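Subject: Structure handover

Hello,

The structure we discussed is below, with the sequence. My notes on it follow.

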Amino acid sequence: MLVVMQEGASEAQTEAVIGRLVEMGFNVHRSTGVRHTVLGGVGPMDDFDPAVLEVLAGVKECHRIVSPYKLASRNWNPAGTVIRIGTVEIGGSRVVSMGGPCSVESREQIELIAASVAAAGAQIIRGGAFKPRSSPYSFQGMGEEGLRIMRSAADQHHLLVVSEVMDHLQIPLLLQYSDILQVGARNMQNFNLLRELGKTRQPILLKRGIAATIEELLLSAEYIMSGGNYQVMLCERGIRTFETSTRNTMDISAIPVLKRLTHLPVIADPSHGTGKRDYVLPMARAAVAAGADGLIVEVHPDPDHAASDGAQTLRPEQFADMMEQVRAIAGAIGRVA
Ligand code: PEP
Ligand code: MN
């Protein structure tokens, strides 16, 4: 249930409507927009007459949200969510860029990458300190030491940090070092983890599962949002199909579909989306042309010797070239990058 308050409705009127929704058994989420306050009532009662609420003082209109996800639905915030972290806005007119290695490997590696992605115009450094690897014998990440290295390199270059949280027990540690917490594809439906992230107020980058539908991705976002954390961005990172020429099939069409269905910012990951370095640049261009609010791309000074995902990783100069081309695409569709 969505209740849009009139422009200039008083706080007392809004409180009265909240009280009525609570009485009716709804869990109420509040969004204060520039003009209107919107109240989202989430609850079991979807089959009652919205007119009951429409007659209350200060109410402009009332709608039933029919999609299975409510807070993630575009109706909840038609203007679109902008996540602000310091001076960086994700979901605004600027296409944001995140670059960095698949795994944090050493201080030297991260310092070099931080300097090069910052110089290329990226706002955020990525890097995994906890790695979800298909094999238990593969490199599993540097843990806290890796996070510490990323934080200090990021601070030196005025970058934000995005890093993966694999388990709810790691949340406090990630909160100390990382501005954005990444939920990896393999954890998209780890509902305990999503619920725990919903209790934080830290921005979350939620990656689409390797075999997840768009609706399942949005329901996973809803898990986080239903806890009161509305700072969620979604990431298209390719899905598993019958195609074997690429590691995954980069679902570019998911970008405009998500932009229609949800108000949450959409990020594209052409590195995992293709698995091959040569395809990262064209897919980055395509993603921005399709309306992505940001890119997350793997970068390493020596990709052929990277601890993980080297084949899909760009060298710093390739990343800089990508940024330049993406800027041209963004300009062509009335955005900046
Ligand atoms: C990663 O970002 O390095 C990663 C493991 O991504 P995904 O969860 O999309 O596979
Ligand atoms: Mn990776």
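In these notes, contact means heavy atoms within 4.5 Å. This is a predicted model: local features need pLDDT of at least 70 and side-chain atom pairs count only at pLDDT 80 or more, while totals for chains, interfaces and linings use all residues. Residues are numbered from 1 along each chain as its sequence is written, chains are lettered from A and ligands numbered from 1 in the order in which they are written, and side-chain values use heavy atoms, with hydrogens and water left out.

Strand β3

Leucine 39 sits in strand β3; helices (H or I, at least four residues) and strands (E, at least two) are DSSP runs, numbered from the N terminus. Leaving aside neighbours within four places in sequence, leucine 39 is in contact with Met1, Leu2, Val3, Met5, Thr14, Val17, Ile18, Leu21, Val28, His29, Arg30 and Trp76. Its relative accessible area is 0%, so leucine 39 is buried. Buried means under 20% relative accessible area, exposed over 50%, and partly exposed in between (1.4 Å probe, protein chains only). Valine 3 is 36 residues from leucine 39 in sequence, but their C-alpha atoms are 5.0 Å apart.

Around histidine 36

Histidine 36 is in the loop between β2 (27–32) and β3 (37–42). Its side chain reaches the backbone oxygen of methionine 5 at 2.9 Å. That is a polar contact: a pair of N or O atoms within 3.5 Å, where within protein one must be able to donate a hydrogen and the other to accept it, and residues adjacent in sequence count only if both atoms are side-chain atoms. Not counting residues up to four places away in sequence, histidine 36 touches Val4, Met5, Gln6, Glu7, Ser31 and Lys60.

Serine 31, one of those, lies in strand β2. Serine 31 is buried, because its relative accessible area is 18%. Beyond its neighbours within four places in sequence, serine 31 is in contact with His36, Thr37, Val38 and Trp76.

The manganese site

Which residues coordinate the manganese ion (ligand 2)? They are Cys102 (SG), His272 (NE2), Glu298 (OE) and Asp309 (OD), at 2.0 to 2.3 Å. Donors are N, O and S atoms within 2.8 Å of the metal (3.2 Å for Na, K and Ca); water is not among the atoms, so sites may look incomplete. Along the chain the donors follow the spacing C-x169-H-x25-E-x10-D. Cysteine 102 lies in the loop between β7 (96–100) and α3 (107–120) and histidine 272 in helix α9 (residues 270–274), so the pair ties together parts that are 170 residues apart in sequence. Cysteine 102 and histidine 272 are both buried.

Aspartate 309 is in the loop between β14 (294–298) and α11 (316–332). Its phi is positive, about 55°, although aspartate 309 is not a glycine. Histidine 158 also has a positive phi, near 55°. Histidine 158 is in the loop between α4 (144–156) and β9 (160–164) and is exposed, with a relative accessible area of 74%.

Ligand 1

Ligand 1 is surrounded by 13 residues, the closest being Arg126, Lys131, Ala185, Lys207 and Arg237; a residue is near a molecule if one of its heavy atoms lies within 4 Å of it. Polar side-chain atoms of lysine 131, glutamine 182 and lysine 207 each lie 2.9 Å from an oxygen atom of ligand 1. Taken alone, ligand 1 exposes 300 Å², and the protein buries 98% of that. Accessible areas come from the Shrake-Rupley method with a 1.4 Å probe; for residues, only the protein chains shown count as cover.

Nonpolar cores

A nonpolar core is a set of buried Ala, Val, Leu, Ile, Met, Phe, Trp, Tyr and Cys residues joined through side-chain atoms within 4.5 Å. The largest has 72 residues, and those with the most contacts inside it are Ile125, Leu206, Leu234, Leu295, Phe319 and Met322. Helix α7 (residues 214–225) gives the most to this core, with six residues. Apart from it lies another core, of 15 residues, among them Met98, Val162, Ile180 and Met233.

Regards
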